[in-house]
Amino acid sequence: MLDNWLDQLLDDVAPSSDHGRLPFGHYRIHGPGILELTPNQTLPDARACVLSAAVHGNETAPVELVGELLARLEAGLVRLGAPVLILIGNPPALRAGERFITTNLNRLFKRNLTASGEEPDRARTLMAAVDDFFARHATLPALHFDLHTAIRDSRYTRFAVEPFTEQVTTESSQWQWLSRAGIQAVLHQHCHSWTFSHYSRHYHGTQAFTLELGRVAPFGDNELGALRPMRALLEALTEGHEPPGAPANAMHFFRVEHELMRQSEDFVLCFDEATPNFNEFCPGECLARDAKAGDYVVGEHPQRVVFPNAKVEIGARAALLVVEVAPPA
Ligand SMILES: O=C(O)CCC(=O)N[C@@H](CCC(=O)O)C(=O)O
Ligand SMILES: [Zn+2]
């Protein structure tokens with residue numbers, strides 16, 4: 001049964017069957033953590049939807065949200081009206097309660113990836129699953145929401161990252177849906193980032209976002225009540241309806257100005273561990289010291305910090321420095 005799928009995945013138990021019926025369609029398990037829902041009838045407003053969670057294994061709220069959606073589908077409370085691919089990104093890391101096992105999966109979504117190992121292999125499997133799904137539903141507009149939670153508190157608890165690519169413009173309706181779904185801020189990426197949402201946007205031209213839905217917590221400690229509006233958005237998409245919107249300018253928009261990279265072993269961030277995402281720093285403040293790159297000092301205007309993490313691998317992003325911009329017209 002579909003309601004066992006997540007439990008069996010967490011227990012590393014193979015499902016007894018790889019397919020089954022739903023009240024308004026059927027499902028197929030293509031592999032560990034790869035579940036496709038197919039409606040009996042695809043509605044006219046339907047999109048081909050990819051919903052991914054647990055690309056980072058310690059981010060459990062999105063998994064619980066997906067669990068609620070599946071339970072409500074199975075109970076017939078949500079009528080399946082669109083093809084949906086549900087992906088649990090990194091099952092071994094989810095079982096271990098760790099962000100990743102060997103390396104950050106969310107930097108590996110690049111065609112012709114040559115690296116070997118657990119996460120690179122998983123990235124190739126997930127990219128193939130997405131390619132196959134979008135190819136089979138090529139007549140429908142496509143969409144990918146990659147659901148995450150942030151390591152630290154945030155001045156905007158729920159925010160979206162809009163991946164960078166030259167070819168795709170975000171539809172204005174997406175901002176309205178996200179606003180209605182309780183997203184408080186949006187971060188426009190300034191360069192290619194090889195994340196999972198970037199993969200769908202860049203290679204498939206889809207509408208795609210990374211959605212940060214609160215702070216990392218173990219299973220059972222997530223405040224799912226705060227995610228009801230987001231659940232309503234996912235349910236509208238699953239039902240194949242055009243989701244309702246709210247004014248986009250209720251959200252704050254930010255542009256990445258600088259990507260702070262860790263370049264040496266001897267690297268520190270100069271602010272408190274408890275500093276929340278979107279905290280603002282004044283001109284002249286030193287934010288990082290790196291034995292190779294030197295100090296990073298805020299320039300002529302204030303900058304806010306997002307995703308600061310001094311413990312990343314050498315060569316990886318240790319923080320984004322962002323500035324507020326006007327909402328899209
Ligand atoms: O809180 C943090 O420092 C990281 C939270 C997280 O996993 N964020 C994603 C953002 C992906 C993107 O930039 O689209 C990540 O770092 O992979
Ligand atoms: Zn994450």
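**Briefing: sheet, ligand shell and selected residues**

Strands S11, S13 and S14 form an open three-stranded sheet in the order S11-S13-S14, with antiparallel pairing. Strands S11 (267–269) and S14 (294–297) are the edge strands, each with a single partner, so one side of each has no neighbour in the sheet. Averaged over the sheet and ignoring direction, neighbouring strands are turned by 15° against each other. This is a predicted model, in which local features need pLDDT of at least 70, side-chain atom pairs count only at pLDDT 80 or more, and totals for chains, interfaces and linings use all residues. Residues are numbered from 1 along each chain as its sequence is written, while chains are lettered from A and ligands numbered from 1 in the order in which they are written.

**Sheet details**

- Strand S13 (residues 286–290) pairs with S14 in the antiparallel sense over four bridges; two strands pair if DSSP finds at least two bridges between them.
- Asp290 stands opposite Gly294 in S14.
- Strands here are DSSP runs of E with at least two residues, helices are runs of H or I with at least four, and both are numbered from the N terminus.

**Ligand 1**

- Ligand 1 is surrounded by 14 residues, and the closest are Asn106, Ala150, Ile151, Thr210 and Phe307; a residue is near a molecule if its C-beta atom, placed from the backbone, lies within 6 Å of it.
- This shell divides into five nonpolar, eight polar and one charged residue. Ala, Val, Leu, Ile, Met, Phe, Trp, Tyr, Cys and Pro count as nonpolar, Asp, Glu, Lys and Arg as charged, and the others, Gly among them, as polar.
- Phe307 lies in the loop between strand S15 (303–306) and strand S16 (317–325), and has a positive phi of about 55° although it is not a glycine.
- Phe307 counts as buried because 20 C-beta neighbours lie inside 10 Å. The cut-offs are 20 or more other C-beta atoms within 10 Å for buried, 12 or fewer for exposed, and partly exposed in between, with C-beta atoms placed from the backbone.

**Glu212**

- An unreviewed UniProt entry lists Glu212 under "active site"; such positions are given in the numbering used here, feature names are shortened, and annotations may be inferred rather than shown by experiment.
- Glu212 sits in strand S9 (residues 207–215) and is buried, with 27 C-beta neighbours inside 10 Å.
- Leaving out residues up to four places away in sequence, Glu212 touches His148, Thr149, Ala150, Arg158 and Phe159; contact requires C-beta atoms, placed from the backbone, within 7 Å.

**Ala54**

- Most residues other than glycine have a negative phi.
- The phi of Ala54 is positive, near 60°.
- Ala54 is in the loop between strand S4 (48–53) and helix H2 (61–74), and is buried, with 26 other C-beta atoms within 10 Å.

- Helix H5 (residues 172–180) has Gln174, Trp175, Trp177, Leu178, Ser179 and Arg180 buried.
- These buried residues of H5 pack against strand S7 (158–162), S9 and helix H7 (228–239).
- Met127 belongs to helix H4 (residues 118–136) and counts as partly exposed, with 19 C-beta neighbours inside 10 Å.
- Met127 touches Phe109 and Tyr199, not counting residues up to four places away in sequence.
- The C-alpha atoms of Met127 and Lys110 are separated by 8.4 Å, with the two residues 17 apart along the chain.

Technical notes. Two residues are in contact if their C-beta atoms, placed from the backbone, lie within 7 Å. Axes are lines fitted to C-alpha atoms, for helices over the stretch in contact, and angles run from 0 to 180 degrees between N-to-C directions.
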